[in-house]
Amino acid sequence: MRTGYILACEEFGPAELVSQARLAEQAGFEGLWISDHFHPWNDQQGQSPFVWSVIGALSEAVRLPVTTAVTCPTVRVHPAVIAQAAATAAVQHEGRFVLGVGSGEALNEHILGDRWPPADVRLEMLEEAVEVIRALHRGREVTYRGRHYTVENARIYTLPARSVPIYVSGFGMKSARLAGRIGDGFICMMPNAELVRAFRDAGGGNRPAQAGIKVCHADSAEEGLRIAHRTWPHIQLPGELSQLLPSPRHFEQASQLVTRESMAQQVPCGPDPEPYVEAVRSYVDAGFDEIYVQQIGPGQEAFFRFWEREVRPAIAEVAGEKA
């Protein structure tokens, strides 16, 4: 089992993200996730830098593998452009880069006025986009005319020595099966064994399954919960709302229904390492190979000290039990 750290572009600016990456490497984390947004989820988070610029900066700051978690290559940015960006990122990181992709949210993808399609169409577009990206990563000239995308006489010249791995995000059975069919790995945010099994049964086999956890280390559980509820309440929104709401304002309105009590059931908070260890254990038990952790809010340096000294040794025991 590998543990990594999540760089939240929704909450931090470029310099802070690079600083966190350095701290994560020093604390013994083995990889990085980085989110790709045009908007934050709400105004309280307050940031949203262009992810590809930050990824370039990370290549000069750390040696950790980097995964986009996740990029939507279907509406806001054409898959041919994502293919070029991912190839350059892989060159910058000397092959330690994974392109994580997903079907996206209206929050980020509707900004050019394009119609936001239903879920089945978005998955169809994602599959075609991955086909386009892989074709361009072979380094030959590509002309492609599909149902959703057209590419004419395109060739990517700056390419890594090996093809960029593409991991596919899934939060339901259809997307998990799609990840198994077309992905080099699986990305999820829930400790759901059925989704992991669907991914593996659909062709994922023993390919990596990555998962993300949000936490809030603070002086007390109450303080951590207050910060988490103020900054990331939308993670408790049910169903497809996170894919359909079009603006931070709408997320703020919907999140008024989220209680601190419900947040406490999902987000480990405070100074006690045990809830963090149990959260990781739930993902290990569900079959995930790599667990990525995001510290919500301030106190980043204190979190990394806490993780290195108190949580990481217990996590090693969890991994040993699983082995």
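The crossing of H1 and H2 is right-handed in this predicted model. The protein chain contains 13 helices and 10 strands. Its radius of gyration is 19 Å, close to the 20 Å that the globule rule gives for 323 residues, so the protein chain is as compact as a globular protein of that length. Eight of the strands close into a barrel with parallel pairing.

**Overall dimensions**

- The C-alpha trace of the protein chain spans about 60 × 40 × 40 Å along its principal axes.

**The barrel**

- The strands of the barrel follow the order E1-E2-E3-E4-E7-E8-E9-E10.
- On average, neighbouring strands of this sheet are turned by 25 degrees against each other, direction ignored.
- Helix H1, formed by residues 14–26, packs on the sheet and touches strand E1 (2–7) as well as strand E2 (32–34).
- Strand E8 (residues 185–188) runs parallel to strand E9 (residues 209–215), and three bridges join the two.
- Phe186 stands opposite Ala209 in E9.

**Packing of H1 on H2**

- Two packed helices are described by the angle between their axes and the distance between the axes.
- For H1 and H2, the angle is about 35 degrees and the axes lie 10 Å apart.
- On the H1 side, the contact is made by Pro14, Leu17, Val18, Ala21, Arg22 and Glu25.
- These residues meet Val54, Ala57, Leu58 and Ala61 in H2.
- By class, the residues of the contact of H1 with H2 comprise eight nonpolar, no polar and two charged.

**Packing of H2 on H3**

- Helix H2 (residues 51–61) and helix H3 (residues 79–92) have axes that come within 9 Å and cross at roughly 15 degrees.
- That angle makes H2 roughly parallel to H3, because angles under 35 degrees are counted in this way.
- H2 passes H3 in a left-handed crossing, whereas the crossing of H1 and H2 is right-handed.
- Trp52, Ile55, Gly56 and Ser59 are the residues that H2 brings to this contact.
- Their partners in H3 are Ile82, Ala85, Ala86, Ala89 and Gln92.
- The residues of the contact of H2 with H3 divide into six nonpolar and three polar, with no charged residue.

Key:
Residues are numbered from 1 along each chain as its sequence is written. This is a predicted model: local features need pLDDT of at least 70, side-chain atom pairs count only at pLDDT 80 or more; totals for chains, interfaces and linings use all residues. Side-chain values use heavy atoms; hydrogens and water are left out. Two strands pair if DSSP finds at least two bridges between them. Helices (H or I, at least four residues) and strands (E, at least two) are DSSP runs, numbered from the N terminus. Axes are lines fitted to C-alpha atoms, for helices over the stretch in contact, and angles run from 0 to 180 degrees between N-to-C directions. Contact means heavy atoms within 4.5 Å. Angles under 35 degrees count as roughly parallel, over 145 as roughly antiparallel, 65 to 115 as roughly perpendicular and the rest as oblique. A crossing is left-handed if the near helix is turned anticlockwise from the far one by less than a right angle, and right-handed if clockwise. Ala, Val, Leu, Ile, Met, Phe, Trp, Tyr, Cys and Pro count as nonpolar, Asp, Glu, Lys and Arg as charged, and the others, Gly among them, as polar. The radius of gyration is taken over C-alpha atoms; the globule rule is 2.2 Å times the number of residues to the power 0.38.
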